[in-house]
Amino acid sequence: MRLLGFITVVLLGGLLFHLSLDFPDLGDASSPAATHVSPYYIEHTMEDTSVPNIVTAVLADYRGYDTLFETAVIFSAGLACFFLMRISERTAPKARFYRHLPTGLTLRIEKGGKIPEDTREFERIDSVWVPYDVIITMTCRLVVPFIQLFALYVIAHGHHSPGGGFQGGVIFGAAIILYAISNNLRRTLRRMSERMSALFGSVGVIIYGGTGMLCLLLGAGFLDYRGMASLLGVDPVSARSYSILIVETGVGLAVTAVMVWIYYNLSSAGKQDEGL
Amino acid sequence: MNIIGLYNYWIVVVLMMIGFYVVIAHENLIKKLVGLSIFQTSVFFFYISTGKISGATAPILDPEYHLYSNPLPHVLILTAIVVGIATTALGLALVVRIQESYGSIEEHEIQSQDTQDQMESQLEAYGFRKKHILSIQNLDE
């Protein structure tokens, strides 16, 4: 099988090498990719939408349908992970471990045993022994708010600099996942519960689709943001710029929530009890 | 035609063939997913490299610049990267479920378990009791 696969790969690779000779050079300004629809975007983005970042304008305005359904795909992937992995019935684990914070001793409590009552002194830890590391925990606690602030900047400043909903959403989700890795899953779930991440994911998609429907109700086409002008009280060009921000916020919410949701389910194999 | 100007396609082809080989040659499902990710990355590289225009700046309009690279591949790949992460996560979730129900993520073991189950159910349909079926040799081996 390996030899057969190797021969196939070499033949196909050789064919593709041969075909690449007919392709345009790297950086060729007259290549087909750079001559058809792209010049329109570069020349008309400013007068159409007043957004300097052409990538953002194309993403959320000219090719808004594409992005709407990409967001829907991401949300569906999160939902599919949930349906595949999530184990809803609560079977008690064989043993639970608690750390007594003042002394650093670890308690092992068998199934049916009495769980310590004073939760301020006892902290539940994972059954795979996790050392209590002050440096990692404190560093991440200090860094996470700044990462989240940067994520919000990336979402909000996508009109004028590289950025937007997808990038900012992934950075925000990564900050929450960093918190989960440096602390543990239960503490993260107290901050951002699974219900909340599911809700945010669907709200993000609804914001995007709802903006499109609102344009339809206001007399323009689906996702034609010029229709929002009367609602926002600005001229049609600014309406497109503002609507791009609304849509990007929805994308950011959905991406953040889905990244965190997938992490919750994958890291704990669906139990969401013990995990990183 | 400048041969050196085509090196981006060669990198793409090499990466793509590495990914493709991993997908077809390995039986381990996790390794197959790694191969798929490498394959996917090569497609991202291909799109991004077609967007480059020599001497051009990033596609953010500014009065100081007059030459911008092609924004369209950037847009397409921007969404594709995040969707790629989500689909990879979905693939990993499927692998976890397969491991739970088959006890293995090696393709031939899953296959032999499936054929075993299928033959047993066929024999039962012909009227054999399950306790009378002592063992079934897999015909492929």
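1. What is the area buried between chain A and chain B, and what share of it do carbon and sulfur atoms give? In this predicted model, where local features need pLDDT of at least 70 and side-chain atom pairs count only at pLDDT 80 or more, while totals for chains, interfaces and linings use all residues, the buried area (the accessible area, with a 1.4 Å probe, that two parts lose on being put together, summed over both) is about 4600 Å², and carbon and sulfur atoms give 78% of this. Residues are numbered from 1 along each chain as its sequence is written, chains are lettered from A in the order in which they are written, and side-chain values use heavy atoms, leaving out hydrogens and water.

2. On the side of chain A that touches chain B, the elements giving two or more residues are α1 (2–20), α2 (38–49), α3 (54–62), α4 (64–85), α6 (165–182) and α10 (236–267) of chain A, helices being DSSP runs of H or I with at least four residues, numbered from the N terminus.

3. Contact (heavy atoms within 4.5 Å) takes in 56 residues of chain A and 49 residues of chain B. Between the two chains there are 0 salt bridges, a salt bridge being a side-chain nitrogen of Lys or Arg within 4 Å of a carboxyl oxygen of Asp or Glu.

4. Ring pairs (centres within 6.5 Å for Phe, Tyr and the six-membered ring of Trp; planes under 30 degrees apart are stacked, over 60 edge-to-face, the rest tilted) join Phe23(A), Tyr9(B), Phe46(B) and Tyr47(B) in a cluster.
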